[in-house]
Amino acid sequence: MAPSSKGATVPALLLTALAATALLLFFLLPSLSPIGSATTTSLCPASPAANAIVAGGRSPDPLSATQDDVSWLRSQLSLNRLGDPPSTPEQWHALRKGINPRTRAQQLDDLRQYKGISHHEGADAANHTALPCPGELLVEEHHSNYGEPWAGGRDVFEFLATASGLQPSDLVLEIGCGTLRVGLHFIRYLDTGRFHCLERDELSLMAAFRYELPSQGLLHKRPLIVRGEDMEFDKFGPAGGSQYDLIYASAVFLHMPDQLVWTGLERLAGRLKPGKGRIFVSHNIKFCSRLRGDECERRLRKLDLEYAGKRTHDSLLFNHYEIWFEFRRSKAY
Ligand SMILES: C[S@@+](CC[C@H](N)C(=O)[O-])C[C@H]1O[C@@H](n2cnc3c(N)ncnc32)[C@H](O)[C@@H]1O
């Protein structure tokens with residue numbers, strides 16, 4: 001009985017497998033033909049999103065959270081019975097069930113004293129860390145450098161990326177990127193080498209290079225981050241070369257002498273892409289409003305720039321809005 005039942009089962013299985021393969025090829029082959037080939041009939045019109053998937057291997061990440069995303073998060077909080085967060089230190093402490101949180105200073109002490117719970121000792125230690133990072137950076141002290149919550153960097157990215165119609169292939173320059181609170185999100189979204197930054201502060205640059213880029217897995221994006229404070233852009237390529245789709249300064253121009261801002265604008269105007277290119281400046285534009293009459297407008301016009309208006313955007317995570325001033329090339333091209 002056993003051999004005959006085996007003999008009947010194997011061809012049946014083989015036939016089923018052959019039929020399944022034929023069916024799969026039938027559906028798969030047309031989708032492997034070149035797009036737009038005369039023999040291909042497409043049931044759906046090609047959408048920009050579909051094109052993006054074909055061109056880049058996957059669609060770019062969405063720029064910001066949608067209402068659906070927010071509803072999904074609320075549903076997950078509810079499903080997991082996570083009600084309103086505690087409102088007093090005692091309630092937070094009860095949630096921690098007796099575990100005392102470490103401050104950054106205590107964490108740093110622990111790190112110096114005990115290194116890690118398991119760690120390599122002596123000369124052996126040097127063989128195990130390709131990028132030894134100072135403890136001060138490992139405990140993320142630099143996330144509190146500017147008063148603004150670290151999470152606000154995402155809000156700024158979402159606003160600027162949406163306002164400028166950002167594409168992964170765009171070229172972006174940040175003036176004063178600091179510790180990459182905002183810049184990280186651009187670097188992650190943009191294609192390799194498409195994020196540039198001019199920053200003057202040694203500690204911020206150290207945090208950016210020695211901690212943020214490696215810890216976020218973004219070394220492969222090769223951002224061009226240059227140390228400098230004189231609004232000097234030669235290291236980003238010749239003035240007549242590639243032009244920026246977006247240039248922005250987040251909480252920077254208000255800390256600079258007005259004359260330096262104007263010098264910067266003079267050097268940047270020709271590096272801004274005509275038509276699409278935008279310059280966004282946050283907080284205020286006192287370098288402009290401090291000038292009398294229509295002097296600001298006159299200076300901008302001389303640089304082939306014009307003021308396009310003021311915008312605000314809300315934060316996703318905390319009650320805060322930010323004010324942005326938009327500039328573009330003034331001549332029609
Ligand atoms: C308030 S922080 C903002 C950092 C970052 N844009 C952010 O939003 O997280 C201002 C940054 O501008 C930088 N900065 C100020 N003047 C500068 C100059 N002349 N050239 C380059 N960077 C400058 C500072 O070093 C600092 O990192």
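Which of the 19 residues around the ligand come nearest?

1. Gly 176, Gly 178, Arg 181, Asp 201 and Ser 250 come nearest to the ligand. A residue counts as near if its C-beta atom, placed from the backbone, lies within 6 Å of the molecule. The shell comprises eight nonpolar, six polar and five charged residues. Here Ala, Val, Leu, Ile, Met, Phe, Trp, Tyr, Cys and Pro are nonpolar, Asp, Glu, Lys and Arg charged, and the others, Gly among them, polar.

2. The model is predicted: local features need pLDDT of at least 70 and side-chain atom pairs pLDDT 80 or more, whereas totals for chains, interfaces and linings use all residues. Residues are numbered from 1 along each chain as its sequence is written.

3. The protein chain holds 13 helices and seven strands, taken as DSSP runs (helices H or I, at least four residues; strands E, at least two) and numbered from the N terminus. Of its 333 residues, 23% are buried, that is, with 20 or more other C-beta atoms, placed from the backbone, within 10 Å of their own.

4. Gly 217, with a positive phi near 65°, follows helix 10.

5. Ser 204, Ala 207, Ala 208, Tyr 211, Glu 212 and Leu 213 are the buried residues of helix 10. They pack against helix 7 (135–138), helix 9 (183–189), strand 2 (195–199) and strand 3 (224–227).

Notes: Buried ≥ 20, exposed ≤ 12 C-beta atoms within 10 Å, placed from the backbone. Contact = placed C-beta atoms within 7 Å.
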